[in-house]
Amino acid sequence: LNGGTLLPVDRTVVMDPRALRLFLHEGRISLVWITAGLFQQIAALDPAAFAGPRLVITGGDVVNPVAARAVLAAGRAKGLSLFNGYGPTENTTFSTLFDIADLGVDELTIPIGRPISNSTAYVLDPAGRPLPPGLVGELWVGGDGVALGYHGDADLTAARFHPDPFATDPAARMYRTGDLARWRADGSIVF
């Protein structure tokens, strides 16, 4: 839809930082989406492997700030943007994003960010009430990306997908992730 080309990469290339760097360079790759675990393995061996693309998005697990800072430093001259994404399958690809360049120098945890466009995120107490920054609660996500439910499993759908009482649209739904999170004072979420 945006004029890009999807280039699948062979497993052997992904597991070799030098081969991955060459693949990204020769393929003129501009955007990389990579799991947190693989991102951290490659960053530990060769942070400059990601210096070619303009945008790298990682997520799916906790991201090590040391690895992220090393990748940013290696790609800074080329204008690399690095984001941490969070989103369960039940809410399309991502629910929230955090620009890792905004991470403070002393921070030990990379937030999962703020809701992306047309998405919502709530940190709720057990009674379903929103919690203020700093208090840990369950993370619920909503918005246009929320699935209708689980095919053929009405009980699980009823347990996880709920009407969104905070939305202006009465048909809006939200998904109960089961993950614990807290809001930061700056409006981003920590997993």
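Contact here means heavy atoms within 4.5 Å, and by that criterion residues 24 or more positions apart account for 55% of the contacts in the chain with a separation of 6 or more. This is a predicted model, in which local features need pLDDT of at least 70 and side-chain atom pairs count only at pLDDT 80 or more, while totals for chains, interfaces and linings use all residues. Residues are numbered from 1 along each chain as its sequence is written, and side-chain values use heavy atoms, with hydrogens and water left out.

**The chain overall**

- The chain has five helices and 10 strands, these being DSSP runs numbered from the N terminus (H or I with at least four residues for helices, E with at least two for strands).
- Along its principal axes, the C-alpha trace spans about 50 × 40 × 25 Å.
- Of the 191 residues in the chain, 39% are buried, where buried means under 20% relative accessible area, exposed over 50%, and partly exposed in between (1.4 Å probe, protein chains only).
- There are 15 positive and 19 negative side chains, and the centres of the two sets lie 6 Å apart; Lys and Arg count as positive and Asp and Glu as negative, with His and the chain ends not counted, and each charge is placed at NZ of Lys, CZ of Arg, CG of Asp or CD of Glu.

**Helix α4**

- In helix α4, which covers residues 65-75, the buried residues are P65, A67, A68, V71, L72 and G75.
- These residues lie on the same side of α4 because they cover an arc of only 160 degrees around the axis, the arc being that of the directions from the helix axis to the C-beta atoms.
- The buried residues of α4 pack against α3 (36-45) and β3 (81-86).
- At the start of α4, a side-chain oxygen of N64 comes to within 2.6 Å of the backbone nitrogen of V66.

**Two threonines in strands**

- T58 belongs to strand β2 (residues 55-59) and is buried, with a relative accessible area of 0%.
- A polar atom of the T58 side chain lies 3.0 Å from the backbone oxygen of I34.
- Leaving aside neighbours within four places in sequence, the residues in contact with T58 include W33, I34, F39 and F83.
- T120 belongs to strand β6 (residues 119-124) and counts as partly exposed, at 26% relative accessibility.
- With neighbours within four places in sequence again left aside, T120 is in contact with P115, W140, V141, G142, G143 and D164.

Note on methods. A polar contact is a pair of N or O atoms within 3.5 Å; within protein, one must be able to donate a hydrogen and the other to accept it, and residues adjacent in sequence count only if both atoms are side-chain atoms.
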